[in-house]
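Subject: Structure for you to look at

Dear colleague,

Please find the structure below, followed by some notes on what was found in it.

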Amino acid sequence: MTTIRSFSAAKALILAPQGRDAAVASGLLRQAGIASALCDDIIALQDALGEETFFAVVTEEALQSADLRVISARLEAQPAWSDFPFVVLTRRDGNVERNTDAVRFSDLLGNVTFLERPFHPTTFISVARTALKTRQRQHEARARMEELHEGEERLRTALLAGRLGTWELDSRTWTLSASAAIKALFGRTPDQPFAYEDLLQSTHPDDRARIRESMIATIETGADYAAEYRIVWPDGSLHWAEIRARLVRDRTSANARLVGVCSDITDRKTNEQALRRLNETLEQRVTERTSELLAAHATALSEIEQRQRAEEQLRQAQKMEAIGQLTGGVAHDFNNLLMAVLSNLELLSKHVLDDPKTARLIGGALQGARRGAALTQRLLAFARRQDLNVEPTNLVDLLRGMTDLIERSIGSHIELRIELPDTLPLALVDANQIELAVLNLVLNARDAMPDGGTLRIKADQTESAGSEIPNGRYVRLVVADTGQGMDAETLNKATEPFFSTKELGKGTGLGLSMVQGLAVQLNGALRLESRLGHGTTAELWLPTTDLAPEETIPKPDEAVRPPSQKMTVLLVDDDALIAMTTVDMLEDLGFKVIEANSGNRALEIIRNGSAVDLLITDYSMPRMNGAQLASAVKQVRPELPILLATGYAELPPHSGVALPRIGKPYRQAQLAEEINKLIK
C-alpha cells in the first residue's frame with residue numbers, strides 16, 4: 001500500500017516587493033503554524049515551486065510588471081493531481097471581477113484566491129489554511145492515484161508472470177470479450193475476432209458439452225467455475241487449457257457476467273501423461289533429472305561467480321575512477337605550486353651569477369622542483385590527463401634508440417635480449433611517453449632480479465578479437481623478466497596507484513598505474529602475467545595506424561627575444577602567488593603588465609579601452625573561467641592575441657574555445673616562446 005506523505009513540513013512562498021506586505025504575511029503564516037519563505041522576484045518564485053511547496057502568497061504589484069509566461073507554462077505542465085494554489089493580495093479599488101489584471105492573473109495562474117487589502121488577520125489565516133488544505137488534499141489524491149496505479153500494475157504483472165489471459169462473458173447476450181493472451185492461447189492473433197461460438201468450436205468435441213453445461217450451472221447457481229479441457233488450434237494441434245471464473249452481477253441491473261482467467265496447461269498435461277507412461281522407468285528418470293539439476297546448479301554457481309567477478313571489477317573501476325579524479329586535481333594544484341617555485345628560482349638565479357654557492361643551492365632547488373614536475377606528469381598520466389603529442393611512430397626505431405639507456409639502467413648483472421623485427425606497422429602514440437613507459441617496465445624488471453637474470457624485450461604485430469581489448473590491429477611491446485614474480489593477489493593490485501612491493505622510499509607506486517593510464521589514453525591496453533618465482537611479463541598493446549609520419553625539419557634554437565616595442569600584457573589569475581610570479585617574469589622580459597585577479601575585472605579593463613597588446617589568462621577561475629573570458633574578450637577585441645595558462649593538460653570537451661595554451665609549470669623561456677608565436 002502507498003503511504004500518504006507527511007505534511008508537517010508544509011511551506012508557503014511569499015512574493016511582495018513592499019517589505020511591509022511580506023512581513024505581515026510572514027508573521028500571520030507563522031502565527032498559523034505554516035512555515036514560509038520569501039522570494040526576491042518572480043524568477044525565484046517559479047524556481048521554488050515544487051511538489052513540497054503548498055501555496056504562494058503574492059501581491060498584485062509583484063505580478064503586474066512580471067512576465068508570467070514561464071510560470072504559466074510550468075503550471076500548465078502540472079500533473080493531473082496538482083493545481084497549485086495562489087493567494088493574490090489586491091488593492092481596494094472596486095470589484096475584482098471588473099479588474100482586468102485579476103482576470104489575467106486567473107487565466108495565467110489558474111487556482112487563484114483574491115484577498116483585498118487591508119484585510120483582517122483572521123481572514124488571511126483562514127484563506128491560507130484553506131489553500132494549505134487544498135494542497136494537502138491534492139497530495140492525498142496523488143497518493144490514492146499512485147496506489148490505484150500500483151495496484152493495476154501489480155495485477156498486470158501478476159497476469160503476465162502467471163501467463164494468464166482474461167475474459168468476460170455476458171450471461172444474457174453470450175457476448176465474449178477476450179484479451180490478446182486468450183486469443184493466443186486458442187491459436188489466434190490479437191487482431192482476429194474471437195466470439196463465444198469460436199471458443200466452443202475450438203474446444204475438443206469430447207469436452208464441448210461438458211464446458212457448456214458447466215457455464216450454465218455457474219450462471220444459475222453462482223458457484224465458481226473451474227474446468228480443464230482440450231482445445232484444437234486452427235493448425236490442428238492439440239492443447240490443454242485451464243479456465244476459472246466467478247459470476248459478477250451489476251449493481252444497477254440483474255444482468256450477470258462471468259469474469260475469469262485462462263492459462264495454458266499443455267506442458268503440465270503433457271508432463272502428467274509422460275509421467276504415467278514412464279512410471280516404470282522412474283529410476284532412470286530420477287537419475288536424468290538429478291544430472292539436469294546438477295548441471296543447473298553448476299550453471300547457477302558459474303553465473304553467481306561471474307556476477308561476483310563483474311561486481312568486483314565494477315567496484316575496482318569505480319575506485320580507480322575516484323582515485324584518478326582525486327589524483328588529477330592534486331596534480332593540478334601541485335602544478336600551480338611548482339609554477340611559483342620554478343619561476344621564482346629561475347628569476348633568482350639571474351641575480352646570483354657571482355655567488356657560486358648560492359647558484360649551486362638554487363640549482364639544487366630547481367632540480368628538485370623539476371622532479372616534482374615530472375611526478376605531476378606521472379599523476380596526470382594515471383588520471384589520463386597528461387597532454388599527449390600523438391603521431392605515427394616507428395616503435396622498432398624507438399626501442400633500438402633506447403638500447404644504450406636500457407643497458408645502463410639494468411646493470412651488468414642482468415642479461416639483455418632484444419628481439420625486434422625488421423619492420424612493424426606504425427603506431428599512433430606519444431614517443432616520449434612510450435619511452436617513459438618502457439623505461440618504467442624495465443626498471444620494475446630490474447628491481448625484480450636483484451641477483452641477476454634475463455630481461456627480454458620484443459615487439460611484434462598482433463590482432464585482438466575484442467574480449468578485453470577492442471577489435472583491431474596492434475603493435476605489442478613485451479618486457480619479460482625471470483625475476484621473483486608475483487602471486488595472484490599482488491598481481492591484481494599491481495596497477496593500483498601508490499601500490500608498491502618495493503621497500504619504503506624506493507618507489508612511488510605510480511609506475512605501472514602511469515603505464516596503464518597512458519595505454520588506455522592511447523586506446524590500447526596493458527596486460528600483466530606473472531607467477532611467483534617464475535618472473536613477470538608485461539605487454540603494452542598500442543593501436544597501429546595507416547597515417548604517414550610527418551617529416552620535421554630541425555630548427556636552430558632561438559634566443560628569447562625582447563619585444564620590439566614596449567608592449568602591454570593583461571595578466572589574469574585568481575591565485576595571487578602565481579600572478580605575482582608571472583608578472584615578475586613578464587617584466588623581466590621587458591613587458592608592461594596590467595594585473596587582474598578575476599575574469600570580470602579583466603573584462604572591465606578591456607571594455608574601458610585600456611591599451612592592451614596581449615591577454616594571458618588562467619583557465620580555472622571562479623565565476624568566469626579563462627575560456628569564458630576569452631569568448632567575452634573576442635566580442636570586444638577580436639584581434640587581441642590570447643594565451644591560456646592551465647595546470648590541466650586538457651580543457652573540458654565543451655569549453656567551446658580553441659586557444660593557444662601553455663601548461664603549468666612553465667619556464668620563462670617557454671613563456672617568451674609562446675608570446676613570440678602570438679605577436680609575430
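At what angle do helix α1 and helix α6 pack, and how far apart are their axes? Helix α1 (residues 19-31) and helix α6 (residues 121-161) pack at about 70°, with axes 10 Å apart, where axes are lines fitted to C-alpha atoms, for helices over the stretch in contact, and angles run from 0 to 180 degrees between N-to-C directions. That makes α1 roughly perpendicular to α6 (a word used for angles of 65 to 115 degrees).

This is a predicted model, in which local features need pLDDT of at least 70 and side-chain atom pairs count only at pLDDT 80 or more, while totals for chains, interfaces and linings use all residues. Residues are numbered from 1 along each chain as its sequence is written, and side-chain values use heavy atoms, with hydrogens and water left out.

Helices (H or I, at least four residues) and strands (E, at least two) are DSSP runs, numbered from the N terminus, and the chain has 21 helices and 22 strands.

Turning to aromatic rings, the structure holds 5 aromatic pairs (rings of Phe, Tyr and Trp, the last by its six-membered ring, with centres within 6.5 Å). In one of them, the ring centres of Tyr-474 and Trp-541 are 5.8 Å apart and the planes stand at 65°, so the pair is edge-to-face (planes over 60 degrees apart). Because Tyr-474 belongs to strand β15 and Trp-541 to strand β17, the pair ties together parts that are 67 residues apart in sequence. Both Tyr-474 and Trp-541 are buried (under 20% relative accessible area, with a 1.4 Å probe and protein chains only).

Best wishes

Terms used
Parallel < 35°, antiparallel > 145°, perpendicular 65-115°, else oblique. Phe/Tyr/Trp six-rings, centres within 6.5 Å; stacked < 30°, edge-to-face > 60°. Buried < 20%, exposed > 50% of the residue type's maximum accessible area, 1.4 Å probe, protein only.
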